[in-house]
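Please work through the exercises below with the sequence and the three-dimensional view at hand. Each task is followed by a solution in steps.

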Amino acid sequence: MTEQNVCRIRFFLDSFLIIITGEMQLAEKEKNIWIVRHGLRVDFTDPDWVKTAENPYNPPLDEKGIKQAEETAVRLMSEQIDYIFTSPFLRTLQTANAIAEKKGMKFNVETGFSEWLKSDEFSYKPELPSPDEMAEKFPFLNTSYESVTPSAYPESRNELDKRTEKVLSEIINKYNGNILIISHGSPIKSIYKSLINVVPDDYQPMCSVSLFSLVSGEWKLEINSDSSHLTLPDITQRAFYLEKGSNY
């Protein structure tokens, strides 16, 4: 056998192995779920904001939070994401719109991923923008999407877990492909609990990225609260929330 023929055989064998390996990897990783918490909210950096706010229970991102959202959009730009779902609160809408714009795709507003509406934090149910108001402000919003479940007020921790598990299960079963969810600290804890039966001690840092992969029928945590893409990472820790007496 000539050296040229040996080289050809090696080339075809290497190509075959690459194809087989790729197919095995695709078979093992059946679906990805990306999780992003919203960026830094204005009332975290300006405590006086609530004194004059028209809607104190629905704060927007501050300048740092907007930058965090833009940097997270760059981080996710090259990732294969087929569907984006977000809570209807202003800070999550802003974060989702930045990511959707960078990726050139629409995002869906799912009230099932809303903030935990517990009565000791919310004296009344927060006023959220109507679908028309959201669509006018956020051009990458998908106006045809209908939420799986409405938000409830007041809500216990157990009810939050059940609400999150319900919407997560229905979205996973209905939508084939990779999913990105933008939500809040407490619902994200519920997502961890639903997927891998683990509740993190601390809240996911704002605009950090987590990744769950469905491997041979079981969810695996591949990336946990990664903030390496942020030039201004979130430094709030558990003590910060305990001091505020809050579950943002």
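The model is predicted, with local features requiring pLDDT of at least 70 and side-chain atom pairs counting only at pLDDT 80 or more, while totals for chains, interfaces and linings use all residues. Residues are numbered from 1 along each chain as its sequence is written, and side-chain values use heavy atoms, with hydrogens and water left out.

**Exercise 1. The chain as a whole**

Task: State how many helices and strands the chain has, and what percentage of its residues is buried.

Solution. Step 1: The chain has nine helices and six strands; these are DSSP runs numbered from the N terminus, with helices (H or I) of at least four residues and strands (E) of at least two. Step 2: Of the 248 residues, 47% are buried, where buried means under 20% relative accessible area, exposed over 50%, and partly exposed in between (1.4 Å probe, protein chains only). Step 3: Taking contacts between residues at least 6 apart in sequence, 74% join residues at least 24 apart; contact means heavy atoms within 4.5 Å.

**Exercise 2. Packing of H4 and H5**

Task: Describe how helix H4 is oriented against helix H5, and which residues meet.

Solution. Step 1: Two packed helices are described by the angle between their axes and the distance between the axes. Step 2: H4 (residues 63–76) and H5 (residues 90–103) pack at about 40°, and their axes are 8 Å apart. Axes are lines fitted to C-alpha atoms, for helices over the stretch in contact, and angles run from 0 to 180 degrees between N-to-C directions. Step 3: H4 and H5 are therefore oblique, given that under 35 degrees counts as roughly parallel, over 145 as roughly antiparallel, 65 to 115 as roughly perpendicular and the rest as oblique. Step 4: On the H4 side, Ala69, Thr72, Ala73, Val74 and Leu76 meet Thr95, Ala98, Ile99, Lys102 and Lys103 of H5.
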